[in-house]
Amino acid sequence: MPTSGGSDPSRFTVADFPVDPERARCTCRNGVVSSRVYAHGAGGGVSFRFPASECRECQLWNACQSAEANPKGHRSVFISDYHVYLRACEVFNQAADGRALLKRR
């Protein structure tokens, strides 16, 4: 179960941003909580925004943002409508039953 499709594996992925069940709040690895949530333009999920003012001095910047990221830019985290199922699959794949099934592939 990949952490998220197309993400740079050297940076935090969507799996590193816990989201409350109502998808009203998202928390970064440094404990910053965002309630800035926007419906995704193409549908199928929501995007949370962490403004630069909350991230600029963060000691985790390099693990969160790309090297080319604008220091005045924001971090967006897209949460698909399937996020909760993907995270449940990830947990299952780490359990003994999941690992056994993966070995049989």
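How many residues sit between strand 3 and strand 4 in their hairpin, and which residue in the turn has a positive phi? Some notes to get you started.

1. Before the answer, the ground rules. This is a predicted model, where local features need pLDDT of at least 70, side-chain atom pairs count only at pLDDT 80 or more, and totals for chains, interfaces and linings use all residues. Residues are numbered from 1 along each chain as its sequence is written, and side-chain values use heavy atoms, with hydrogens and water left out.

2. The hairpin has five residues between its two strands, and Gly43 in the turn has a positive phi of about 80 degrees. Strands here are DSSP runs of E, at least two residues, numbered from the N terminus. Strand 3 covers residues 37-39 and pairs with strand 4 in the antiparallel sense over three bridges; to pair, two strands need at least two DSSP bridges between them. Tyr38 faces Ser47 of strand 4.

3. Now look at strand 4, residues 45-50: five of its six residues are buried, meaning under 20% relative accessible area with a 1.4 Å probe, protein chains only. Strand 4 also pairs with strand 5, antiparallel again, over six bridges. Gly45 has Ser80 as its bridge partner there.

4. Ser80 belongs to strand 5, residues 75-80. Ser80 counts as buried because its relative accessibility is 17%. Leaving aside residues up to four places away in sequence, Ser80 touches Arg23, Gly44, Gly45 and Leu86 (contact is heavy atoms within 4.5 Å). A polar atom of the Ser80 side chain also lies 3.0 Å from the backbone nitrogen of Tyr82.

Conventions
Helices (H or I, at least four residues) and strands (E, at least two) are DSSP runs, numbered from the N terminus. Buried means under 20% relative accessible area, exposed over 50%, partly exposed in between (1.4 Å probe, protein chains only). A polar contact is a pair of N or O atoms within 3.5 Å; within protein, one must be able to donate a hydrogen and the other to accept it, and residues adjacent in sequence count only if both atoms are side-chain atoms.
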